[in-house]
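Dear colleague,

Please keep the structure open beside the text as you read.

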Amino acid sequence: MHILLLFLDGIGLGDDDPAVNPFAVADTPTLFDLAGGHRWLRKTGLQESDRAIFIPTDPRMNVPGRPQSASGQATILTGTNIPQIIGEHYGPKPNEAIRSILAEDNFFKRVVARGEQAALLDAYPPRLLHDFERGKTLRSSIQQAAYESGQRLFSTQDLIARNALIAEWTGDAWHKHLGITEIPLLTPYEAGQLMVELSRKYAFALHSHWMTDLVGHRGPFERGVELLELFDGVMTGVLDTWDDDEGLIIITSDHGNMEEIGNRKHTENDVPTVIIGNARHTFAEGFNTLADIVPRMESLLFD
Ligand SMILES: [Zn+2]
């Protein structure tokens with residue numbers, strides 16, 4: 001059994017409002033299927049479909065304020081209510097308290113400690129990797145968790161060797177915006193196929209997409225719609241390649257944001273968690289908050 005966790009930063013379940021919520025208008029047939037034929041909205045509620053369970057998930061966890069990236073991601077990767085431990089929702093980058101918790105224990109580390117392989121599948125541009133090394137830029141909680149497990153974060157060379165994917169899946173963004181044109185250009189469908197193939201090398205693989213959160217803060221609305229349609233194409237490739245017997249795919253987020261473009265802050269909405277695979281019913285039992293992911297991943301892989 002193995003797990004592929006697909007993280008999308010800053011997507012929550014919001015109103016069915018075509019003026020502010022890209023989820024209310026995007027053409028995403030595969031995402032609809034994953035939610036039993038529904039759009040990903042607040043009113044959707046818990047849904048079961050042929051291959052998936054769609055679960056509205058609490059990122060607030062009884063701590064007042066707007067959920068933030070560092071504490072949310074650290075919760076997803078430790079199974080501990082991090083905002084409660086540190087006394088606040090904190091982000092975007094992890095503070096000392098969160099970094100020391102991640103250094104002590106996180107799911108990448110646990111998998112490696114069991115003698116299995118774990119990886120963050122994202123590759124990063126040379127300058128960012130350099131800035132991480134020099135401490136000029138802090139890693140996100142997700143990046144920090146992988147780093148603490150001993151993983152060398154993936155680079156341009158890993159993209160060329162098809163060992164990794166960029167955050168925006170297809171390679172297009174690096175060609176256009178970074179001028180790094182030696183990396184392969186994939187269709188969204190091919191990116192989904194590659195993601196599943198790569199995940200088979202690891203007991204636990206995570207892909208993290210963060211542009212959704214940026215668009216949530218800055219817009220424009222149309223870019224949010226585009227990202228969802230792109231992700232829909234990726235998921236079509238993922239589902240065509242994935243065998244429901246091989247383990248679980250988990251899609252989740254750290255807090256709401258992009259479902260309310262125009263409000264530049266995070267929301268306090270639930271986030272979607274989607275569980276795909278034959279073990280999904282066991283996983284979904286009693287599932288309620290972001291802290292519920294790790295204990296279930298642990299049982300699936302190690303019990
Ligand atoms: Zn975030």
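In helix H2 (69-78), the residues Ala-70, Ser-71, Ala-74 and Thr-78 meet Ile-98, Ile-101 and Leu-102 of helix H4. The residues of this contact divide into five nonpolar, two polar and no charged. Please bear in mind throughout that this is a predicted model. The two helices H2 and H4 pack at an angle of about 15°, and their axes are 11 Å apart. Because angles under 35 degrees count as roughly parallel, H2 is described as roughly parallel to H4. The crossing of H2 and H4 is left-handed.

How many of the eight residues of helix H7 (residues 141-148) are buried? Six of them are, so H7 is largely enclosed by the rest of the structure. The buried residues are Ser-141, Ile-142, Gln-143, Gln-144, Ala-145 and Ala-146. What they pack against is a list of both helices and strands, namely S1, H2, H4 (96-104), helix H5 (107-113), S4 and S5. Just after H7, Gly-150 takes a positive phi of about 100°.

Next comes the sheet, which is open and has seven strands in the order S2-S3-S7-S6-S1-S5-S4, with mixed pairing. Its edge strands are S2 (47-48) and S4 (118-120), each of which pairs on one side only. Helix H10 (residues 188-199) lies across strand S1 (2-8) and strand S5 (204-209), and H10 runs at about 135° to S1.

Strand S3 (residues 52-57) pairs with S7 in the antiparallel sense over six bridges, and Ala-52 stands opposite Ile-276 in S7. Strand S6 (residues 247-252) also pairs with S7 (residues 271-276) in the antiparallel sense, in this case over three bridges, and the bridge partner of Ile-251 in S7 is Val-274. Is S7 buried or exposed? Six of its six residues are buried, so S7 is largely enclosed by the rest of the structure. From S7, Val-271, Thr-273 and Ile-275 point one way, whereas Pro-272, Val-274 and Ile-276 point the other way, and all of these residues are buried.

A contrast to that strand is Leu-46, which has its place in the loop between helix H1 (29-34) and S2. Why does Leu-46 count as exposed? A residue is exposed if 12 or fewer other C-beta atoms lie within 10 Å of its own, and Leu-46 has 12 C-beta neighbours inside 10 Å, so Leu-46 counts as exposed. Leaving aside residues up to four places away in sequence, Leu-46 touches Phe-54, Ile-55 and Pro-56. The C-alpha atoms of Leu-46 and Ala-118, which are 72 residues apart along the chain, are separated by 30 Å.

The peptide bond from Gly-91 to Pro-92 is cis, with omega near 5°, and Pro-92 lies in the loop between helix H3 (82-86) and H4. Another cis peptide bond joins Gly-219 and Pro-220, where omega is about -5°, and Pro-220 is found in the loop between helix H11 (211-218) and helix H12 (221-241).

Met-61, in the loop between S3 and H2, has a phi near 50°, and with 18 other C-beta atoms within 10 Å Met-61 is partly exposed. Arg-162 has a positive phi of about 55° and lies in the loop between helix H8 (156-160) and helix H9 (172-178). With 13 C-beta neighbours inside 10 Å, Arg-162 counts as partly exposed.

With best wishes

Terms used. Residues numbered from 1 in each chain as written. Predicted model: local features only at pLDDT ≥ 70, side-chain atom pairs only at ≥ 80, totals over all residues. Pairing = 2+ DSSP bridges. Helix = DSSP H or I, 4+ residues; strand = E, 2+ residues; numbered from the N terminus. Contact = placed C-beta atoms within 7 Å. Axes fitted to C-alpha atoms, helices over the stretch in contact; angles between N-to-C directions. Buried ≥ 20, exposed ≤ 12 C-beta atoms within 10 Å, placed from the backbone. Parallel < 35°, antiparallel > 145°, perpendicular 65-115°, else oblique. Left-handed = near helix turned anticlockwise from the far one by under 90°. Nonpolar A, V, L, I, M, F, W, Y, C, P; charged D, E, K, R; others polar.
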